[in-house]
Amino acid sequence: MKSFFGMACFFVLGMLHAQPPEFALTPNGFDAVTVDIPATSNEKLISLTKNWAQDYNRTQEGSDISNVTQNSITITAYKKNAFNYGNRGENFYHKIKYDIRFEFNQSSYTVSFNITEIYLDDVLLEYKLPDYFTSEGKLKDGYNTLDVTLEDTVNDIVNSHYDFIMNYR
């Protein structure tokens, strides 16, 4: 019984050590998040990230890979229905163009997520994320589900990458 308990504690602590990233929306977008992972070479993490980008974005409008260094990479892509909100009984679904930057350090990486463009019905909007918030940092009236739906989308994207590298490293 003691050995079972010891083994269970070992696995729980291991799972707590390597947890997927979690992003929260602020009026200026998303703050960078650092994630602990088992030691893996930066070269392997760059290669896996390229493969993930192609795989993840195959049903979207594709992706671009840029700014590749020995320990970092930037992916630019689109996401349909990235967020929505209801206003006066009508629902609005928005597509985004985003940059996601990964900086690897063998046993951890930092991920930065930046929304560069917002679309409604494939029409580029002049609105940027800060435009949906008041000067006090609260969502403006009429955008009540924007934060939850956008956070879900961003976390799905970055957790997809996390799962990919954890499964194939």
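**View 1. Asp36 stands opposite Ser108 in strand 7.** The structure shown is a predicted model, in which local features need pLDDT of at least 70, side-chain atom pairs count only at pLDDT 80 or more, and totals for chains, interfaces and linings use all residues. Residues are numbered from 1 along each chain as its sequence is written, and side-chain values use heavy atoms, with hydrogens and water left out. Strand 3 (residues 33–36) pairs with strand 7 (residues 108–120) in the antiparallel sense, over four bridges. Two strands pair if DSSP finds at least two bridges between them; helices (H or I, at least four residues) and strands (E, at least two) are DSSP runs, numbered from the N terminus.

**View 2. Strand 6 and strand 7 form a hairpin.** His94 stands opposite Leu120 in strand 7. Three residues lie between the two strands, and Gln106 in the turn has a positive phi of about 60°.

**View 3. Strand 7 also forms a hairpin with strand 8.** These strands pair in the antiparallel sense over two bridges, with Leu120 opposite Val123 in strand 8. Two residues separate the strands, and Asp121 takes a positive phi near 50°.

**View 4. Tyr85 and Tyr143 form an edge-to-face aromatic pair.** Their rings lie 4.7 Å apart, centre to centre, with 85° between the planes. Rings of Phe, Tyr and Trp (its six-membered ring) pair if their centres lie within 6.5 Å; planes under 30 degrees apart count as stacked, over 60 as edge-to-face and the rest as tilted. Tyr85 lies in strand 5 (residues 72–87) and Tyr143 in the loop between strand 8 (123–124) and helix 3 (146–168), so the pair ties together parts that are 58 residues apart in sequence. Ring pairs link Phe83, Tyr85, Phe92, Tyr127, Tyr132 and Tyr143 into a cluster.

**View 5. Lys95 lies over the face of Tyr119.** The distance from the ring centre is 4.8 Å. A charge sits over a ring if NZ of Lys or CZ of Arg is within 6 Å of the ring centre and within 35 degrees of the ring normal.
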